[in-house]
Amino acid sequence: MLSLMAFLLLGSLLNAQVTGDTLNPVDVTAPLLKTPVKKTFESSWLMNQQTVMVPFKNTLQMDFQHRFGTWENGYKDFYGMFAPSNIRIGFDFVPADKLMVGFGFTNQNNLWDGYAKYALLQQKTNGGTAISLTYYVNAAVDTRHEENTDFQESTDRWSFFHQLMVARKLSDAFSLQVSGNLSWFNYHTVYDAEGNFLGRNQNGSFSVSGLARYKFSNVSSLIVEYDQPITDQEFFDPEPNLSIGFEIVTSSHAFQIFVGNYKSLVPQYNHAMNNNSLSDNQFLIGFNMTRLWNF
């Protein structure tokens with residue numbers, strides 16, 4: 001009899017743990033909370049591309065990007081390390097949720113660029129939004145002295161870039177992003193390797209891009225990028241880009257080192273004017289560093 005009473009008492013306690021009590025009932029029919037997926041990518045940059053990521057509101061970010069020369073000359077210029085390089089320094093701020101704005105200066109053509117990025121959709125957990133969708137726009141102006149250019153009007157100096165990015169974090173380790181891109185130059189002249197004028201290309205050109213990140217530790221990832229031009233131009237078709245690298249992150253820093261054949265640091269120049277050929281071994285070493293401050 002005592003054993004039977006103990007068994008019934010234990011069953012009552014277990015049942016109370018599963019179903020709750022009158023003071024704290026458990027609603028098993030309540031919907032699961034749909035929250036944004038965290039860290040689809042670790043940084044707003046991945047090698048030569050923006051990602052769908054926008055930091056938290058009131059975040060200030062500093063970007064330092066460096067591209068060495070191509071390595072096809074070998075030891076002559078120490079595999080591009082001592083060849084002419086390209087450097088960009090930029091600053092970004094998040095004044096409102098999902099919106100980042102920024103500007104930067106690049107030594108190529110003394111380019112000043114400004115941009116905005118807005119997260120239209122964010123991937124969510126528990127059956128929420130399946131993807132992240134972000135729009136990015138960039139405007140750049142060539143500020144070289146007139147004697148070094150062939151611009152006819154001041155508006156000829158301007159170029160623009162539009163990008164719509166779609167990304168999904170497929171697992172804790174693997175994220176994928178694809179994008180459609182439009183590059184626009186108000187004055188798109190083309191010269192050969194010797195500096196001879198060939199003609200004027202179309203103002204606009206389309207391309208597509210893909211990014212992938214595989215995270216193999218809490219702070220380290222393998223990263224891959226591919227960019228493919230689409231528009232057929234009359235005088236010059238840009239070369240596609242392939243970049244492969246390694247990323248290390250902390251709570252406030254991201255460092256990426258990689259090998260690829262894009263040298264420009266303003267996107268429309270990469271997508272519409274890249275002449276470094278994969279088949280001719282015209283690769284180069286590049287790295288990005290970002291630093292975040294939260295206010």
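Me: Which residue's side chain makes a polar contact with the side chain of Gln 268?
Reply: Ser 159, at 3.1 Å. A polar contact is a pair of N or O atoms within 3.5 Å; within protein, one must be able to donate a hydrogen and the other to accept it, and residues adjacent in sequence count only if both atoms are side-chain atoms.

Me: Before I go on, what sort of model is this?
Reply: A predicted one: local features need pLDDT of at least 70 and side-chain atom pairs count only at pLDDT 80 or more, while totals for chains, interfaces and linings use all residues. Residues are numbered from 1 along each chain as its sequence is written, and side-chain values use heavy atoms, with hydrogens and water left out.

Me: Back to Gln 268. Which element is it in?
Reply: Helix α2, residues 267–273. Helices (H or I, at least four residues) and strands (E, at least two) are DSSP runs, numbered from the N terminus.

Me: And is Gln 268 buried or exposed?
Reply: Gln 268 counts as buried because its relative accessibility is 0%. The classes are buried under 20% relative accessible area, exposed over 50%, and partly exposed in between (1.4 Å probe, protein chains only).

Me: What else does Gln 268 touch?
Reply: Beyond four places in sequence, the list includes Ala 139, Ala 140, Phe 160, Phe 161, Ser 183, Phe 185 and Met 273. Contact here means heavy atoms within 4.5 Å. Asn 138 is also on the list, and the side chains of Asn 138 and Gln 268 are joined by a polar contact of 3.3 Å.

Me: OK, whole chain now. How many helices and strands?
Reply: The protein chain has two helices and 16 strands. Of its 295 residues, 41% are buried.

Me: Which residues have the most contacts inside the largest nonpolar core?
Reply: Phe 41, Leu 46, Val 52, Val 54, Met 100 and Tyr 136, in a core of 17 residues. Strands β6 (111–121) and β8 (158–169) each put at least two residues into this core. The largest share is from β8, with three residues. A nonpolar core is a set of buried Ala, Val, Leu, Ile, Met, Phe, Trp, Tyr and Cys residues joined through side-chain atoms within 4.5 Å.

Me: Take Val 52. What does it touch?
Reply: Leaving out residues up to four places away in sequence, Val 52 touches Thr 40, Phe 41, Ser 132, Thr 134, Met 165, Ala 167 and Gln 177. There is also a second, separate core of six residues, with Leu 111, Phe 185, Val 266 and Tyr 269 among them. Phe 185 is one of the residues that Gln 268 touches.

Me: Which side chain is joined to that of Gln 228 by a polar contact?
Reply: Tyr 226, at 2.5 Å. Past its neighbours within four places, Gln 228 is in contact with Ser 207, Val 208 and Pro 240. Its C-alpha atom is 7.8 Å from that of Glu 239, 11 residues apart along the chain.

Me: And Asn 73, where is that?
Reply: In the loop between β3 (59–70) and β4. At 43% relative accessibility, Asn 73 counts as partly exposed. The side chain of Asn 73 has a polar contact of 3.5 Å with that of Asp 77.

Me: Where does Asn 110 sit?
Reply: In the loop between β5 and β6. Asn 109 lies in the loop between β5 and β6 as well.

Me: Why do Asn 109 and Asn 110 count as partly exposed?
Reply: Because relative accessibility is 21% for Asn 109 and 32% for Asn 110.

Me: Last one: which strand holds Trp 293?
Reply: β16, residues 284–294. Trp 293 has 32% relative accessibility, so it counts as partly exposed.
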